[in-house]
Amino acid sequence: MGIDLGTCNTLVCVRGEGIVLNEPSVVAVRKGTNKVLRMPDGSYAVGWAAKEMLGKTPGSISAIRPLKDGVISDFEITEALLKYFIGKVQGRHTFLHPRVVIAVPSGITAVEKRAVIDSAEHAGARRVFLVEEPMAAAIGANLPVNEATASMIVDIGGGTTEVAILSLADIAQCESVRTAGDDFDEAIINHMKKAYNLMIGEQTAERIKIEIGSAAPVGEEQTMEVRGRDMISGLPRKTLVTSEEIRSALQEPLSAITETVTRTLERAEPELAADLVDNGITLAGGGALLRGIDKVIADATGLDVRQAEDPLTCVARGTAIYLEHLEEWKHTMESDNNGS
Ligand code: ADP
Ligand code: MG
């Protein structure tokens with residue numbers, strides 16, 4: 001099975017079956033401990049069950065996203081996450097000790113990589129291979145990564161944006177920035193505070209982004225009714241927001257992303273840069289779904305920008321393809337040759 005261990009969402013893709021699991025990368029624990037909570041039916045509070053608790057947790061419980069910043073903040077909780085997901089997929093399938101490919105953020109350290117491998121082994125994997133997320137995204141987007149031509153992928157996730165130029169089955173240039181979908185939500189939260197004295201939660205902010213958010217003007221402007229808590233009276237209240245004001249609130253995190261893209265291009269070998277004039281840039285990850293973001297990146301770089309097909313599942317589908325063609329990849333890091 002191939003696993004996309006994302007900062008927001010974890011997906012599992014099985015050859016011949018497609019995406020068999022897609023849940024938030026969230027674990028609910030007792031506050032101050034690493035003890036994963038159990039639901040009334042005895043199952044662990046991981047994934048959807050834990051996400052529902054985010055922002056609504058009673059004092060003694062916290063819902064944790066262990067990969068939120070593209071680094072592993074807590075090994076034990078990450079292990080619980082992997083165990084739960086691998087176990088869940090295995091429970092429904094016949095493979096006993098599967099080979100697992102896991103896509104990890106390109107910025108994680110050797111120690112973190114080792115921890116992911118160990119966790120997956122504890123969870124029952126026979127052999128574990130890691131692939132860097134931008135590579136998996138590019139494979140999932142059907143880019144010609146094995147050929148002697150440059151491909152460029154910009155994967156805008158929840159916690160991190162990974163930008164990479166790939167050629168000959170290798171990453172030639174790669175940058176990672178901790179600005180992505182979560183920062184769009186945060187910018188909306190700040191805007192609502194400043195403009196309306198209205199406190200809103202992360203889930204509400206995300207809904208606003210998805211419903212009326214945009215990076216550049218596209219189509220008709222929209223409005224949306226938003227509910228939250230008045231910062232002065234402390235009482236619940238609603239207000240109307242427009243797509244224009246949300247767009248302007250998103251400009252700051254957007255420019256951090258476009259700067260990372262242009263910086264990566266500036267550092268590329270001239271021959272690879274030349275290829276990109278024809279090959280353009282491909283966007284993956286949930287952030288690629290923000291309306292008009294392709295246009296903003298195209299304007300900043302002067303290159304053609306297209307969205308990968310189904311950007312949210314790109315990395316997971318890429319890991320499953322990678323698994324099928326393991327021997328073709330030179331730089332695979334795997335469990336039993338202690339490559340770290
Ligand atoms: P990760 O790989 O880091 O887990 P994902 O690729 O799953 O992240 O993307 C999650 C991010 O994409 C979240 O910030 C989410 O709000 C955002 N997202 C999902 N759908 C949309 C959409 N339609 N428009 C804008 N952002 C979206
Ligand atoms: Mg991702």
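Helix H5 lies across strands E11, E12 and E13, and runs at about 105° to E13. Helix H6 also packs on the sheet, where it touches E12 and E13, and its direction makes about 170° with that of E12. Please keep in mind that this is a predicted model.

**The sheet**
- Three strands form an open sheet in the order E11-E12-E13, with antiparallel pairing.
- E11 (198-199) and E13 (236-242) stand at the edges with a single partner strand each, so one side of each has no neighbour in the sheet.
- E12 (residues 223-230) and E13 are joined in the antiparallel sense over seven bridges.
- Arg229 stands opposite Pro236 in E13.

**The two helices**
- H5 (residues 181-196) and H6 (residues 202-212) pack at an angle of about 100°, and their axes are 8 Å apart.
- The two helices are therefore roughly perpendicular to each other.
- On the H5 side, the contact is made by Gly181, Phe184, Asp185, Ile188 and Ile189, and on the H6 side by Glu202, Ala205, Glu206, Ile208 and Lys209.
- Sorted by class, this contact has five nonpolar, one polar and four charged residues.

**The largest pocket**
- The largest pocket holds about 1200 Å³ of space.
- It is lined by 49 residues, of which Cys8, Lys51, Asp182, Asp185 and Glu206 are the closest to its centre.
- Among the elements that give two or more residues to the lining are H5, H6 and helix H11 (314-324).
- H6 supplies the largest share of the lining, seven residues.
- The lining residues divide into 17 nonpolar, 16 polar and 16 charged.

Conventions. Residues numbered from 1 in each chain as written. Chains lettered and ligands numbered in written order. Predicted model: local features only at pLDDT ≥ 70, side-chain atom pairs only at ≥ 80, totals over all residues. Heavy atoms only, no water. Axes fitted to C-alpha atoms, helices over the stretch in contact; angles between N-to-C directions. Helix = DSSP H or I, 4+ residues; strand = E, 2+ residues; numbered from the N terminus. Parallel < 35°, antiparallel > 145°, perpendicular 65-115°, else oblique. Contact = heavy atoms within 4.5 Å. Nonpolar A, V, L, I, M, F, W, Y, C, P; charged D, E, K, R; others polar. 1 Å grid on protein atoms, 1.4 Å probe; cavity = no way out; pocket = protein on both sides within 12 Å on 5 of 7 lines; lining within 4 Å. Points joined across faces, edges and corners; volume = space filled by probe spheres on them. Pairing = 2+ DSSP bridges.
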